[in-house]
Amino acid sequence: MTRPIHPALPAAFADDPTFATWAAGHGVIRHEPVTVERIAELLGRHARDPARQRAWLERLIAADRLTCMGMWLVAHMTYARRVRLDGEPLSAEEFKPNPEGHTGGALNMVPAYAGYLAANAMSELTRSWLMGQGHCVAAVDAINLLVDNMGAAHADRYALDDAGLTRLVNDFYRCAVDPDGFPVSPLGSHINAHTAGGTGEGGYLGFAGLQYVHMPLPGQHLVAFLSDGAFEEQRGSDWASRWWRAEDSGTVVPVMIANGRRIDQRTTMSQSGGTDWFEDHLVLNGFAPLTIDGRDPAAFVWAILTAEEELADRAELARAGHARYPLRLPYVIAETVKGFGFPGAGTNAAHNLPLVGNPFRDEAARETFHRGARALHVPEAELRAAIALLNNHAENDRVRERDHLLADPHPPLPLLPELPDWPLGETVSPMAAIDEAFVALVDANPGLRVRVGNPDEMRSNRLNRTLDRLQHRVTEPEKGVAESLDGCVITALNEEAVVSAALANKQGLNLVASYEAFAVKMLGAMRQEVIFARHCREAGREPGWLSLPVLASSHTWENGKNEQSHQDPTLCEAWLGEMDDVAPTLFPVDAPSAAAALLALYASRGRIAVMVVPKNPVPVTLDAEQAVRLAEDGLLCLREAESPRLQLFAVGAYQLAEMEQAHARLTHAGIATSLFVIQAPGKLREARDEGESRAVLSQCRLSTLVPEVSARVFLSHCRPEPLSGVLRPLDTGMRSRFLGYRNRGGTLDTFGMLFANRATWAHVLEAASEVAGLDLEALLSPAERDALAGEGDPEVLRRP
């Protein structure tokens with residue numbers, strides 16, 4: 001719980017004019033008595049020297065003024081197309097005909113971000129920051145401009161003068177595109193690659209709440225701004241205290257902006273009892289709530305510094321053996337009103353456009369805007385003096401907030417172990433091969449923190465050595481089970497939570513494994529991450545984090561016993577739609593190809609790969625050299641025929657087994673047939689832009705690997721329709737056939753699944769006869785043809 005506040009403390013500052021000036025507030029900032037007492041108590045703890053005390057108070061005054069002008073500028077970003085630093089009123093024509101902006105939430109973020117800057121200046125430490133409500137980006141962009149904490153794209157366009165501010169407000173929600181199809185404006189409606197210090201878009205509410213606790217390394221500090229709406233939308237953040245360990249985690253301070261409203265109505269929290277209810281909820285889930293006035297930047301300063309001190313105290317008690325995990329994580333609840341600081345606050349309209357009318361057309365709305373702006377305006381000289389006080393980076397040798405430690409994580413590329421050697425023809429689980437390779441990778445790189453995201457049944461997915469080596473992270477380890485206090489495996493029956501643990505660990509090694517059918521629940525978090533990474537690359541901010549494999553196992557073709565709900569290739573199909581330079585989709589076919597693909601991925605940065613990997617043993621088909629070539633090209637000719645009449649392409653391990661059988665039957669019949677393995681379909685596609693063109697094979701290289709033959713049959717792990725679009729360069733039109741999952745399933749084994757989806761070796765031969773003009777009767781026995789036609793026993797096709 002919070003530290004006790006001595007009621008007599010403010011009296012110690014009664015004769016201090018600087019304290020009195022701060023306590024009087026500025027503009028719309030009015031310091032509540034509890035905040036005044038808390039600040040006095042904070043000064044008593046941290047700034048007993050009168051000169052230091054005065055410096056801290058002056059920075060609190062500066063934070064008030066910055067907050068007012070930050071809100072003033074946010075309001076202009078929504079409504080105005082002209083800015084006047086002198087605060088003079090605008091004419092009707094100087095307002096936007098069609099205003100846009102998530103104004104209420106952005107206004108609420110201004111005192112939070114200003115308080116964060118002030119806490120950094122006062123403690124002489126630059127903390128990292130994360131904002132889950134990315135649509136509140138106007139607050140960050142506005143204050144970053146005011147304090148000159150901009151990245152290159154913003155610094156080239158904006159400045160603290162009328163012209164620079166006017167350009168800013170006109171770029172906000174500017175939807176123009178350049179000739180290459182990129183936005184003209186470097187501002188976004190959410191955090192983007194140009195937002196100074198931004199680490200993620202924050203478009204999906206709730207993922208920041210799942211990620212913040214896994215982000216900083218020991219010695220690093222993070223303030224995570226969250227929202228009550230996100231708490232309602234995405235569950236799992238309640239578990240943060242389960243995962244935090246002082247030994248491998250930096251200081252985290254979650255700060256919820258509790259404004260009580262989402263788009264059309266109040267949040268469920270506000271309807272359930274408000275922050276009193278939420279405090280009880282936090283206590284039950286292992287947190288120590290600190291409730292503050294979310295309208296006051298000084299309250300955020302107090303909360304950040306106090307929360308860090310309390311967490312450090314608890315961690316020291318744990319080290320000394322006087323406390324046990326889970327420690328109570330401080331959790332700041334910043335109570336405020338949606339859109340505080342501007343007319344319309346607290347209404348449903350405050351979410352977007354708080355004024356009843358449009359100032360461009362409505363005189364009453366225009367006067368309301370000017371009244372609200374006047375209350376916030378700070379004279380330019382006072383503003384610049386405030387900014388100078390907060391920008392004390394040089395005097396205490398700290399980095400600007402745009403360069404905080406988590407803004408550009410860049411761990412060293414890992415040392416890669418040797419590929420294990422598996423004899424050809426031996427049956428080996430590809431997931432077990434990945435297990436062996438990953439443990440070797442972890443052992444070779446002890447300096448990289450590891451996170452493994454596991455929603456369920458890690459042993460079922462054959463990651464036994466990984467689990468035994470890294471262990472589940474728990475608070476009460478069970479004897480004889482792979483559990484420990486400092487385990488690296490984050491296990492929870494919530495796919496979003498466990499994938500977020502790996503996505504957040506951008507300074508380390510990560511792995512995620514799930515049943516294929518359930519992994520689709522991770523898609524939103526994964527997609528948001530690769531989009532942001534790609535935008536950073538386009539903006540010249542090359543992502544430095546190590547690439548991450550998401551293993552989809554216990555998959556569609558080996559999960560028949562669990563009914564059709566478990567037979568779902570949606571994730572790999574969706575991932576094939578993403579850009580291959582950041583989001584490859586891989587279908588290794590045996591142990592060597594699985595291990596080689598995994599290690600090749602870890603040699604790259606800024607990519608998330610979906611790897612569809614069988615857990616059951618399958619024959620080793622490739623040698624080590626072939627596996628490496630397959631990882632490089634995404635495609636390999638496994639059986640090459642001279643002057644082939646037909647080409648077969650397998651995408652997936654069970655599909656390769658069927659293609660091998662079809663190829664054997666065709667070869668026995670004297671039909672020259674080549675057999676190819678496709679591991680990375682996206683590398684064979686037509687590039688959709690310049691960035692993707694660097695990741696896919698050139699047409700010249702593809703034509704070298706795949707000689708021109710008109711008759712082709714493709715057998716796919718996933719549905720054939722999305723695959724045929726990706727493999728358009730290999731599609732020969734009427735003389736190509738695509739087979740795969742056809743939405744048929746049930747309680748079936750692998751053969752039953754293949755037959756139900758018309759994807760057995762016999763169905764391949766049927767398709768081959770159509771595209772290559774073959775005599776099917778010469779390839780199949782009468783009983784086999786009857787089974788194929790649905791008039792005989794399918795079992796005759798199980799083993800040709």
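A residue is taken as buried when its relative accessible area is under 20%, as exposed when that area is over 50%, and as partly exposed in between (1.4 Å probe, protein chains only). At 2% relative accessibility, Ser128 therefore counts as buried. The structure is a predicted model, in which local features need pLDDT of at least 70 and side-chain atom pairs count only at pLDDT 80 or more, while totals for chains, interfaces and linings use all residues. Residues are numbered from 1 along each chain as its sequence is written, and side-chain values use heavy atoms, with hydrogens and water left out.

Ser128 belongs to strand 1, which covers residues 128-131. Helices (H or I, at least four residues) and strands (E, at least two) are DSSP runs, numbered from the N terminus. From strand 1, Ser128 and Leu130 point one way, Trp129 and Met131 point the other way, and all are buried. Strand 1 pairs in the parallel sense with strand 2 (residues 221-227) over 4 bridges; pairing requires that DSSP finds at least two bridges between two strands. Within this pairing, Ser128 stands opposite Leu222 of strand 2.

With neighbours within four places in sequence left aside, Ser128 is in contact with Tyr116, His221, Leu222, Val223, His404, Leu405 and Leu406, where contact means heavy atoms within 4.5 Å. The C-alpha atoms of Ser128 and Tyr116 are separated by 9.6 Å, the two residues being 12 apart along the chain. A polar contact of 3.0 Å joins the side chain of Ser128 to the side chain of His404. The term denotes a pair of N or O atoms within 3.5 Å; within protein, one must be able to donate a hydrogen and the other to accept it, and residues adjacent in sequence count only if both atoms are side-chain atoms.

Strand 17 (residues 646-651) is largely enclosed by the rest of the structure, because 6 of its 6 residues are buried. Leu646, Leu648 and Ala650 lie on one side of strand 17, and Gln647, Phe649 and Val651 lie on the other. Strand 17 runs parallel to strand 18 (residues 673-678), to which 5 bridges join it. The chain passes from strand 17 through helix 24 (residues 653-668) to strand 18 in a right-handed β-α-β crossover; that is, with the strands pointing away from the viewer, the path from the first strand over the helix to the second runs clockwise. Leu646 stands opposite Thr673 in strand 18. Strand 17 also pairs with strand 19 (residues 712-716), in the parallel sense and over 5 bridges, and Val651 stands opposite Ser716 there.

His668 lies in helix 24 and, at 74% relative accessibility, counts as exposed. The C-alpha atoms of His668 and Leu779, which are 111 residues apart along the chain, are separated by 9.0 Å.

Rings of Phe, Tyr and Trp (its six-membered ring) pair if their centres lie within 6.5 Å; planes under 30 degrees apart count as stacked, over 60 as edge-to-face and the rest as tilted. By this rule there are 19 aromatic pairs. One of them is the stacked pair of Phe649 and Phe676, at 4.9 Å centre to centre and 15° between the planes. Phe649 in strand 17 and Phe676 in strand 18 are 27 residues apart, and both are buried. Elsewhere, ring pairs link Tyr79, Phe95, Phe342 and Phe369 into a cluster.

A charge sits over a ring if NZ of Lys or CZ of Arg is within 6 Å of the ring centre and within 35 degrees of the ring normal. Arg245 lies over the face of Tyr325, 4.9 Å from the ring centre. The charged end of Arg295 sits over the ring of Phe340, at 5.7 Å from its centre.
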